[in-house]
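Let's take a walk through this protein together, from its overall make-up down to single residues.

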Amino acid sequence: MDTRDLALQAACPVIAAPRFGSLPDMENGQRIIVAANGCFVQVKLDWLDCIQRLTPSPPIPLPYGYIDERLAFAFGVMPIRLIEVFIEAGRRGLPNEVAGALIYSRRTRALRLARCEPLDVSPHRVRYRVPAMDADETLAVDLHTHGRGAPFWSQDDDRDDQGIKVAGVFGYLHHPRPRAAFRLVVNGMFRPLAHPWPSEAEAECRPDAELEPGLLRRILSFYYARRCGPWNT
Ligand SMILES: [Zn+2]
């Protein structure tokens, strides 16, 4: 085999999903899993182990096992306390946009919040310098605000969201309760993530939206922990 193909396949191997055993562990990197129920990508980083579906079930039966999507963070759960500190920084920056990041340390197995130094900032755009990181650190969660505007993924966001990370955008920061959108970014593939700052449309769908904030918050924390995955308070 051509050595270039060997190198490419070592960088992104393809494995068949075991039908009777368990999926073998992997080092940090990316691999493709061909399963009876579709084709999946698995990405492992210091802070992330995720399996995401790439294709539906193939049109012929394959003699392999089935795979479920997975999203697990080495730091456990998303730290709402750190993100609330970022929201406060976003409010202090009004009317402009603000950028920040949650950075994961392999040594401490924890996240820290870093503000991103703005290079060019306005109420509609922020260009920023990625914060300095130690050798054992990785940018895990990319955060920015849309100031008083709505949280959504702009064309700039889609262009900027490269590589592998969680991205979060906050808007309506002049309201008592901001709104947000979160997504998993895997090499150009975007997957929405549930979070505790739902859009107005999402909030209107919930019967408990009128409850007083403290109680609502506790209910939502419980609800999201059970239903929507890894967030804490
Ligand atoms: Zn944006």
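Predicted model: local features only at pLDDT ≥ 70, side-chain atom pairs only at ≥ 80, totals over all residues.

Residues are numbered from 1 along each chain as its sequence is written.

The protein has five helices and 13 strands; these are DSSP runs numbered from the N terminus, with helices being H or I of at least four residues and strands E of at least two.

Now find the open sheet of six strands, which has the order β7-β6-β10-β11-β12-β13 and mixed pairing. Two strands pair if DSSP finds at least two bridges between them. The edge strands, β7 (110-115) and β13 (189-193), each pair on one side only. β12 and β13 run antiparallel and are joined by five bridges, and Leu 184 stands opposite Arg 191 in β13. Helix α2 packs on the sheet and touches β6, β7, β10 and β11. Its direction makes about 5 degrees with that of β7, taking axes as lines fitted to C-alpha atoms (for helices over the stretch in contact) and angles from 0 to 180 degrees between N-to-C directions.

Next, look for the nonpolar residues. In soluble globular proteins, nonpolar side chains tend to be buried together. The largest nonpolar core here has 26 residues, and Leu 102, Ile 103, Ala 140, Val 141 and Ala 180 have the most contacts inside it. Such a core is a set of buried Ala, Val, Leu, Ile, Met, Phe, Trp, Tyr and Cys residues joined through C-beta atoms within 7 Å. α2 (80-92), β6 (99-105), β10 (137-145), β11 (164-171) and β12 (179-186) each give two or more residues to this core, and β6 gives the most, with five. Apart from this core lies another, of six residues, among them Ala 17, Phe 40, Ile 51 and Ile 67.

Finally, visit Asp 156 in helix α3 (residues 155-160). Is Asp 156 buried or partly exposed? Asp 156 counts as partly exposed because it has 13 C-beta neighbours inside 10 Å.

Technical notes. Buried ≥ 20, exposed ≤ 12 C-beta atoms within 10 Å, placed from the backbone. Contact = placed C-beta atoms within 7 Å.
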